[in-house]
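Subject: Handover of a structure, with findings

Dear colleague,

Please find below the structure that I am passing on to you. My findings follow directly after it.

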Amino acid sequence: MSLVNDARLVARGLRSAVSAPALPWKLTCAVTWRCAQRCTHCRIWRRPAGDELTVAQWARVFASVGPALSWLDLTGGEVTSRADFGALARAALDACPSLALLHFPTNGENPGAVEAVARELQGGHARFVVSISLDGPPQLHDRLRGDPGAFDRAVDTWRRLRSLGVESYFGMTLSDYTVAHVDATRAALADAVPGFRRTTSRTRRWPTAPGAPHPPTSWPSSSGAGASRATPRTSWSGSTSATCRRTSALAARRCRAGRWR
Ligand code: SF4
């Protein structure tokens, strides 16, 4: 199933490169602004949660692009802040028969909630991937997130997902706070999870000139002034979990994104 879905994704990407699709084939949907963590590099937790679309409203959104959609990212905030997140993601699967990849990131703050959602989504027709955010080795991660014990809970989340057979990765957002700690993070994970390994390494260079074009953002709610994160989030097609958020301080710097499993 995974190979078939990957092939469908590649074919869809190639098709969109030669002719503009009438409907989007990839969507990133921010389904909540709620989050219990207090990351230094993020403004989401500072903003009011506001009204959220209901599951039924999201289902209408998904239905409007359903036949065309191949790749869906559901993000936040922390998606498991919504008690109905499993139902929301299930609505996406039901409305999108061609979906090849369903991904959501989590801060891993609530391992039980993530595990429950994963159980609900297992066995769908789309490849299902969860990425767990890390900012560094335990002390740094907990400090940047304002949340003692956050690293251990993130690792617990990963263990639970793996024990279910869910494809899951750790992802690290590089910023001035974290860029020097990639290797220490990998070492901490190797200590926490014997046999843990890094599977890919990617290097991207951000544009060096102010105002130079950069990969298109897929953050749907970033248009309002101060509406979302302090740092735009950029997703690259071809990678299921390696994402990097550009900071102005990093705009002229090499940015590496790693994923580990
Ligand atoms: S970066 Fe993620 S986990 Fe951290 S405060 Fe923002 S939404 Fe929450």
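In what follows, helix axes are lines fitted to C-alpha atoms over the stretch in contact, and angles run from 0 to 180 degrees between N-to-C directions. Please note that this is a predicted model.

On that basis, the axes of helix 4 (residues 111–121) and helix 6 (residues 150–164) cross at roughly 25 degrees and come within 9 Å. Angles under 35 degrees count as roughly parallel, and helix 4 and helix 6 are therefore roughly parallel to each other. Their crossing is right-handed. On the side of helix 4, the contact involves Pro111, Val114, Glu115, Ala118 and Arg119, which meet Arg153, Asp156, Thr157, Arg160, Leu161 and Leu164 of helix 6. Sorted by class, the contact of helix 4 with helix 6 comprises five charged, five nonpolar and one polar residue.

Helix 4 also packs with helix 3 (residues 85–95), at an angle of about 25 degrees and with the axes 9 Å apart. This angle makes helix 3 roughly parallel to helix 4. The crossing of helix 3 and helix 4 is again right-handed. From helix 3, Phe85, Gly86, Ala89 and Arg90 take part, and they meet Ala116, Val117, Glu120 and Leu121 in helix 4. The contact of helix 3 with helix 4 divides by class into five nonpolar, two charged and one polar residue.

Turning to the ligand, the residues around it are Cys35, Gln37, Arg38, Cys39, Cys42, Ile44, Trp45, Gly76, Gly77, Glu78 and Asn107. Of this shell, five residues are nonpolar, four are polar and two are charged.

A further point concerns Ala56, which lies in helix 2 (residues 55–65). In sequence, Ala56 and Ala87 are 31 residues apart, while their C-alpha atoms are 9.7 Å apart in space.

As regards the protein as a whole, its secondary structure comes to seven helices and nine strands. Of its 261 residues, 41% are buried. Among the contacts with a separation of 6 or more, 76% are between residues 24 or more positions apart.

With kind regards

Definitions and conventions:
Residues are numbered from 1 along each chain as its sequence is written. This is a predicted model: local features need pLDDT of at least 70, side-chain atom pairs count only at pLDDT 80 or more; totals for chains, interfaces and linings use all residues. A residue is near a molecule or strand if its C-beta atom, placed from the backbone, lies within 6 Å of it. Ala, Val, Leu, Ile, Met, Phe, Trp, Tyr, Cys and Pro count as nonpolar, Asp, Glu, Lys and Arg as charged, and the others, Gly among them, as polar. Helices (H or I, at least four residues) and strands (E, at least two) are DSSP runs, numbered from the N terminus. Angles under 35 degrees count as roughly parallel, over 145 as roughly antiparallel, 65 to 115 as roughly perpendicular and the rest as oblique. A crossing is left-handed if the near helix is turned anticlockwise from the far one by less than a right angle, and right-handed if clockwise. Two residues are in contact if their C-beta atoms, placed from the backbone, lie within 7 Å. A residue is buried if 20 or more other C-beta atoms lie within 10 Å of its own, exposed if 12 or fewer, and partly exposed in between; C-beta atoms are placed from the backbone.
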